[in-house]
Amino acid sequence: MSLKDKINPQRLPKHVAIIMDGNGRWAKCQGKDRLFGHQNGVESVREVTEASVELGIKFITFYAFSTENWNRPVDEIEGLMHLMIQAIENETPTLMKNNVRFEVIGDIQKINKETKEAIERITEKTKNNRALTMIIALSYSSRWEIEQAIKTIALEVKNGELDIDDINQDLISNHLCTKNYPDPDLLIRTSGEYRISNFLMWQLSYSELYFTDVFWPDFKRENYYEAILDFQSRERRFGKISEQLNK
Ligand code: IPE
Ligand code: IPE
Ligand code: MG
């Protein structure tokens with residue numbers, strides 16, 4: 001029985017979030033530069049996206065570039081933005097074929113015009129696709145997102161559009177970039193790092209966390225199936241006790 005066949009289609013995560021880490025170290029191990037690692041990471045994004053469509057997962061979020069990643073060497077940043085444009089151009093037909101909607105979350109004001117235009121093109125082109133929503137977190141961080149949400153809420157209160165007593169958890173969720181998506185059920189981080197790195201901190205409150213030592217460019221279908229199987233072995237209690245579940 002293959003790993004894929006062991007997956008229970010009734011217990012799939014609705015939303016998987018992935019911190020794609022380890023591209024640089026993967027390249028270094030082979031005596032190549034960091035960009036070579038990022039280039040090879042695109043293939044993993046494709047495999048995991050296709051596997052998600054095949055399984056019937058509805059949302060997948062890839063952490064591609066954090067607000068802190070703006071502090072990397074300029075060459076690497078430019079290489080990554082160029083790679084993003086290239087990947088968008090190359091992958092659009094496959095996303096259309098697979099009925100995948102492409103969306104970006106993050107502080108895109110900071111992104112160069114060319115990359116922004118490529119993002120706008122693919123978002124518009126894929127907007128009616130429904131099998132899977134693929135979300136790219138680009139120039140994203142959770143603290144940035146929460147800061148924006150607080151400013152907007154404060155402004156609405158100031159303008160009299162909102163009462164302080166209207167502020168609750170749902171309202172906060174509805175002011176985040178992820179307002180149209182369910183919270184992730186499963187978070188995967190590759191490359192043997194055990195941290196969140198400013199990713200979806202509000203939304204990950206009750207996500208199952210899965211860490212693997214595999215570097216992102218080596219993370220392929222079978223690794224993804226393993227993560228989903230691991231997820232399916234967990235008991236999600238949301239604060240209750242076992243005996244209260246499934247009643
Ligand atoms: C993840 O790989 C991709 C981005 C953060 C853009 P890294 O570039 O962080 O690779 P490592 O962690 O240095 O190996
Ligand atoms: C997290 O990876 C961000 C992305 C995967 C885009 P980093 O490599 O930037 O995280 P840290 O700096 O090791 O925490
Ligand atoms: Mg890293």
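Arg195 sits in the loop between β5 and β6 of this predicted model. How accessible is Arg195? Its relative accessibility is 45%, so Arg195 counts as partly exposed, because that class runs between 20% and 50%. The side chain of Arg195 makes a polar contact of 3.4 Å with the side chain of Glu193. Beyond its neighbours within four places in sequence, Arg195 is in contact with Ile19, Arg189 and Phe211. Arg195 and Val214 are 19 residues apart in sequence, and their C-alpha atoms are 15 Å apart in space.

Now turn to the aromatic rings. The whole structure holds 10 aromatic pairs. One of them joins Phe65 and Trp70. How are these two rings arranged? Their centres lie 4.9 Å apart and their planes meet at 75 degrees, so the pair is edge-to-face. The cut-off for that class is over 60 degrees. Phe65 is buried, because its relative accessible area is 2%, under the 20% limit. Trp70 has a relative accessible area of 22%, so Trp70 is partly exposed.

A further pair brings us back to the loop between β5 and β6. The ring centres of Tyr194 and Phe211 are 5.0 Å apart. Their planes stand at 50 degrees, so this pair is tilted. Where do the two partners lie? Tyr194 is in the loop between β5 (186-189) and β6 (208-211), while Phe211 is in strand β6. The two are 17 residues apart, and the pair links distant parts of the chain. Tyr194 is exposed, because its relative accessible area of 58% is over the 50% limit. Phe211 is partly exposed, at 28%. Recall that Phe211 is also a contact of Arg195.

Other rings gather elsewhere. Phe62, Trp216 and Phe219 form a cluster linked by ring pairs. A charge can also sit over a ring. Lys32 lies over the face of Phe36, at 4.4 Å from the ring centre.

The last stop is ligand 1. Which residues are closest to ligand 1? It is surrounded by 13 residues, and the closest are Asp21, Gly24, Arg25, Arg34 and Arg72. Backbone atoms take part as well. A backbone N or O atom of Arg25 lies 2.7 Å from an oxygen atom of ligand 1. For Asn23, a backbone N or O atom lies 3.2 Å from a ligand 1 oxygen. For Gly22, the corresponding distance is 3.4 Å. How much of ligand 1 does the protein cover? On its own, ligand 1 has 380 Å² of accessible area, and the protein covers 88% of it.

Note on methods. Residues are numbered from 1 along each chain as its sequence is written. Chains are lettered from A and ligands numbered from 1 in the order in which they are written. This is a predicted model: local features need pLDDT of at least 70, side-chain atom pairs count only at pLDDT 80 or more; totals for chains, interfaces and linings use all residues. Side-chain values use heavy atoms; hydrogens and water are left out. Rings of Phe, Tyr and Trp (its six-membered ring) pair if their centres lie within 6.5 Å; planes under 30 degrees apart count as stacked, over 60 as edge-to-face and the rest as tilted. Buried means under 20% relative accessible area, exposed over 50%, partly exposed in between (1.4 Å probe, protein chains only). Helices (H or I, at least four residues) and strands (E, at least two) are DSSP runs, numbered from the N terminus. A charge sits over a ring if NZ of Lys or CZ of Arg is within 6 Å of the ring centre and within 35 degrees of the ring normal. A residue is near a molecule or strand if one of its heavy atoms lies within 4 Å of it. A polar contact is a pair of N or O atoms within 3.5 Å; within protein, one must be able to donate a hydrogen and the other to accept it, and residues adjacent in sequence count only if both atoms are side-chain atoms. Accessible areas come from the Shrake-Rupley method with a 1.4 Å probe; for residues, only the protein chains shown count as cover. Contact means heavy atoms within 4.5 Å.
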